[in-house]
Amino acid sequence: MKNISKKLIGIVVVVLILIAAFVKPYNNMVSKDETCSKAWSNVENVYQRRLDLIPNLVKTVQGAADYEKGTLEAVVEARAKATSVQVDANNLTEEAIAKFQAAQDQLSSALSKMLVTVERYPELKANQNFLELQAQLEGTENRIAVERNKFNETVGDYNSYIRKFPNNIISGLFNFDKKGYFKATAGAENAPDVNFNFD
């Protein structure tokens, strides 16, 4: 009888040690997953700020009588597309983030073209409302870069944690999947071609 109770106590102790060995890594994974979700929300927040600035920017630019209609239409269309691409914080895969990033990059490109075109309109460059919106947009672009970097750091911490042994066993059992990163836009590694032609 004593042998059975000693064995039973030994089994209970081993089971409790195994459970304790699983609980801490599991709870850490939950915390790191939540941190990734929060970082993603911050990314979406700064992108939303940019989306909110665009209608006012477009209205201000439309005030210039002969401003290129096609340029404004490209910005409005790119904004609509960027708004339609949503990523669930529970599905932060490489593919989902790449799709989101592609839509945002298209909007960035359209905005850049619009701001370059503005250079031909002195009345716009002197418009206080336009200058304030342009400054807010520039500040938002900086915030986007900061939040994307923070997101990538958070995802890197999470991904490395779930892949380390023995955490990889626990992450596999409880479906803690690797998350995607923001990546540099294709062609970003190439320096722009600058041609100073004074002829």
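Me: What makes E147 and K150 a salt bridge?
Reply: Start with the rule: a side-chain nitrogen of Lys or Arg must lie within 4 Å of a carboxyl oxygen of Asp or Glu. The side chains of E147 and K150 meet at 3.9 Å, N to O. That value is within 4 Å, so the pair counts as a salt bridge. This is a predicted model, where local features need pLDDT of at least 70, side-chain atom pairs count only at pLDDT 80 or more, and totals for chains, interfaces and linings use all residues. Residues are numbered from 1 along each chain as its sequence is written, and side-chain values use heavy atoms, with hydrogens and water left out.

Me: Why are E147 and K150 separated by about one helical turn?
Reply: Because they are three residues apart in helix α5. A helix here is a DSSP run of H or I with at least four residues, a strand is a run of E with at least two, and both are numbered from the N terminus.

Me: What makes K179 and D33 a salt bridge?
Reply: Their side chains meet at 2.7 Å, N to O. The pair links distant parts of the chain, with K179 in the segment after α6 and D33 in helix α1, 146 residues apart. K179 is buried, because its relative accessible area is 7%. D33 has 17%, so D33 is buried too.

Me: Which lysines lie over the faces of Y158 and Y161?
Reply: K179 lies over the face of Y158, at 4.9 Å from the ring centre. K32 lies over the face of Y161, at 5.1 Å from the ring centre. The rule asks for NZ of Lys or CZ of Arg within 6 Å of the ring centre and within 35 degrees of the ring normal.

Me: Why is the pair of Y26 and F174 called edge-to-face?
Reply: Rings of Phe, Tyr and Trp (its six-membered ring) pair if their centres lie within 6.5 Å; planes under 30 degrees apart are stacked, over 60 edge-to-face, and the rest tilted. The search of the whole structure finds eight aromatic pairs. In Y26 and F174 the centres are 4.9 Å apart and the planes are at 65 degrees, so the pair is edge-to-face. Y26 lies in helix α1 and F174 in the segment after α6, so the pair ties together parts that are 148 residues apart in sequence. Y26 is partly exposed, because its relative accessibility is 30%. F174 has 44%, so F174 is partly exposed as well.

Me: Which residues do ring pairs link into a cluster?
Reply: W40, Y47, F100, F151 and F182.

Me: How do you know that N159 is buried or exposed?
Reply: N159 has a relative accessibility of 2%, so N159 counts as buried. N159 lies in helix α5. Not counting residues up to four places away in sequence, N159 touches K178, K179 and Y181 (contact means heavy atoms within 4.5 Å).

Me: And what makes R163 exposed, buried or partly exposed?
Reply: Its relative accessibility is 57%, so R163 counts as exposed. R163 is in helix α5, which covers residues 128–163.

Me: Which residues is K183 in contact with, beyond four places in sequence?
Reply: K183 is in contact with E94, Q101 and R148. K183 lies in the segment after α6. Its relative accessible area is 48%, so K183 is partly exposed.

Me: How many helices and strands does the protein chain have?
Reply: Six helices and zero strands. Buried residues make up 34% of the 199 residues in the protein chain.

Definitions and conventions. Buried < 20%, exposed > 50% of the residue type's maximum accessible area, 1.4 Å probe, protein only.
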